[in-house]
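Welcome! Have a look at it, then read on.

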Amino acid sequence: MEQFSKNCIFCKIIRHDIHADIVYEDNDFFCIKDINPKAPVHLLIIPKKHIATLNDIDEDDFLVMTGFFKIPKLLAKQFNLAGYRTVINVNPEGGQEVYHLHMHVLGGRQMKGDLG
Ligand code: AMP
Ligand code: ZN
């Protein structure tokens, strides 16, 4: 798989072709503020490598992808979140709109039990 995808909005952000509020960055991931926030704090954790969906992670990428489970607590500290919700939408039926894998981190308000 290509490292970058030419027409992908998140690939354009990491190459600074379009602007976003980047709130965290390391070798393998970057995090931005969601442009259409669904909570007072709504962040996206995005691998720098272009991976279309959660279904498209290669065997070789799984070690790097542990970042998905390391970064939320860093963001929680940075944004002073006592709790938060993480979401990964997959494919149209899962509500995915941007086909570059990302994890939503939502916080700053009381989350409800219903995930729908
Ligand atoms: P999903 O439905 O899981 O694919 O979520 C895509 C998210 O990306 C949505 O919450 C959008 O608001 C967000 N988004 C789309 N374009 C941008 C952008 N240029 N900067 C920040 N967030 C964006
Ligand atoms: Zn991409």
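Two strands pair if DSSP finds at least two bridges between them, and the strands themselves (E, at least two residues), like helices (H or I, at least four), are DSSP runs numbered from the N terminus. This is a predicted model, in which local features need pLDDT of at least 70, side-chain atom pairs count only at pLDDT 80 or more, and totals for chains, interfaces and linings use all residues. Residues are numbered from 1 along each chain as its sequence is written, ligands are numbered from 1 in the order in which they are written, and side-chain values use heavy atoms, leaving out hydrogens and water.

**Strands**
- Strand S1 (residues 22-25) runs antiparallel to S2, and 3 bridges join them.
- S1 and S2 make a hairpin, with 3 residues between them, and Ile-22 has Ile-32 in S2 as its bridge partner.
- S2 is also joined to strand S3 (residues 41-47), again antiparallel, by 5 bridges; here Lys-33 has Leu-43 in S3 as its bridge partner.
- Because 4 of the 5 residues of S2 (residues 29-33) are buried (under 20% relative accessible area with a 1.4 Å probe, protein chains only), S2 is largely enclosed by the rest of the structure.

**Zinc site**
- Cys-8 (SG), Cys-11 (SG), His-50 (ND1) and His-100 (ND1) coordinate the zinc ion (ligand 2) at 2.0 to 2.3 Å; donors are N, O and S atoms within 2.8 Å of the metal (3.2 Å for Na, K and Ca).
- His-50 sits in the loop between S3 and helix H2 (67-78), and His-100 in the loop between strand S4 (84-87) and strand S5 (103-107), so the pair ties together parts that are 50 residues apart in sequence.
- His-50 is buried, at 10% relative accessible area, and His-100 is buried too, at 0%.

Conventions:
Buried means under 20% relative accessible area, exposed over 50%, partly exposed in between (1.4 Å probe, protein chains only).
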